[in-house]
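Have a look at the sequence and the fold first, and then I'll talk you through chain B.

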Amino acid sequence: MVINLSDTIASIQMQANPLFPTGGESQPWWVYLLWIIPIFIFMLYGQRIQMWIVMQDVSRSLNKLKSMQDNSREEAISYIKSVNPNLTNLERIDMLMEHFTITPVNLDPYGIVSKIQHLIRLRDDRIRAEVRALAPQADEVTLSRLENVLEVATALHMLYKVVRHFYLMGKKTTSMFFLVQLQMIMPLIMQSAEALNKAIPALKNGQPIGDGIGPMVVGRLMLDREKIVIARDTVLSEYDYNGRRLYLVKAKGPGGTVGEPHTAIEKIVNEMGIRIDMIIMIDAALKLEGEKSGEVAEGIGAAIGGIGVERFQIEEIATKRNIPLYAVIIKQSILEAITTMKKEIAEAADKASRTVFRMIDEYSKQGDNILIIGVGNTLGVGQ
Amino acid sequence: MSEDNNKDKQHIVYTIEQCKVCGVKNKRTFKVGDYVYKDGGSCLRCKGNTLVIMIYAEPINSNV
């Protein structure tokens, strides 16, 4: 049997013709219904359909977050067990992951920085004591790594809980307001969560992370020089360069700590009574999309992240004593900052170092005392 | 853009040691316990002491 293709197409066109009226001829009633009913459905249920799509989207991300949270908890437990095989009380780890800090009231912001600093120090002490109780036989470096891994697990746990809260609130109240807001910020939350999840192997193995580039630059200058502990987990070295005296400060490596550079500056200036003529801070900085990782830039101001306490204190001392405050930054993404250092970032240490010495030569004079601070987590970086 | 392309690639971590005497660099895979500015093994060329100067991650199929 021979089928004529042109005849077949013509017959389909004739059958479908009532659905796409060309005007002129009268149409059967059901054709009009076919167009009007969907319009009413979308008018009445459009928002619910949209909400269902948003909920599916958020739910997928939430499941992914849950698996990352579970993975980080398992990783933390396995790491602690590798240090302390006798550990049986897992409840203590869960308690630690639920640990919280209540920020001071800010109705009257006067003096809030010292209050925040007090609470942060208290929290750090508490967490360190808890980690020590989980692995009493661990050395300081292992304890700091354990602390880092638990911090990541806690951060992922918190992200999961907050996202789940808003998701369930949206579901319960059938409010588009919650769900759409959540859907809009979900890519940023997932980016942070994935970065945290990928940071765990580096933290467990004690590999330097991108954020450690500042301590890496300063650590090299400290080699074969006497180092004194100037503040908690923070070391100081002195270095004579071209008629200037350089005071080098970094967190004490190779453990995973950021030290207390702000306390170190305070001690150097106020307690030791050293006249500082210039401060240079070297730190990793988040790059903008399109910028190259490992690019080095110089600027003015206190290059230090965190909640703001450290920056406040450094700015305070610099302003009171009229000390010029310079910054050298090494650009990288959030993922690069908390995962094993990439080659292009490690290689930027040389360029950052050259930039620092050029700044010393150009911005200072012989006889000056210059404070150079390597800011960041010194995991896997000694001195 | 290249970063996005490399985002999900597997990485291998290398330790770079440099001889304190002759300056020759040696690249090897990272071992747990390595850290930057740790005294490394002896130099392959002059048997002098080496220093770990870098630890970094590279994509497995990197040609660099």
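Before we get to the sheet, one term: two strands count as paired here if DSSP finds at least two bridges between them. And keep in mind that this is a predicted model.

So, chain B. It has one helix and four strands, and along the sequence they come as α-β-β-β-β. In what order do the strands sit in the sheet? The order is β2-β1-β4-β3, in an open sheet with antiparallel pairing. β2 (25–29) and β3 (39–42) of chain B are at the edges, and each has a single partner strand, so one side of each has no neighbour in the sheet. From one strand to the next, the twist averages 40°.

β3(B) and β4(B) run antiparallel and are joined by two bridges. In that part of the sheet, B:D39 sits opposite B:L51 of β4(B).

Now, burial and contacts. Of the 64 residues in chain B, 28% are buried. If you take the contacts in chain B with a separation of 6 or more, 49% are between residues 24 or more positions apart.

Last bit, the interface. Here 14 residues of chain B are in contact with 21 residues of chain A. Which strands of chain B supply at least two residues each to that side? Those are β1 (11–19) and β4 (49–59), and β4(B) gives the most, with five residues. Sorted by class, chain B's side has 10 nonpolar residues, one polar and three charged.

Terms used: Residues are numbered from 1 along each chain as its sequence is written. Chains are lettered from A and ligands numbered from 1 in the order in which they are written. This is a predicted model: local features need pLDDT of at least 70, side-chain atom pairs count only at pLDDT 80 or more; totals for chains, interfaces and linings use all residues. Two residues are in contact if their C-beta atoms, placed from the backbone, lie within 7 Å. Ala, Val, Leu, Ile, Met, Phe, Trp, Tyr, Cys and Pro count as nonpolar, Asp, Glu, Lys and Arg as charged, and the others, Gly among them, as polar. Axes are lines fitted to C-alpha atoms, for helices over the stretch in contact, and angles run from 0 to 180 degrees between N-to-C directions. A residue is buried if 20 or more other C-beta atoms lie within 10 Å of its own, exposed if 12 or fewer, and partly exposed in between; C-beta atoms are placed from the backbone.
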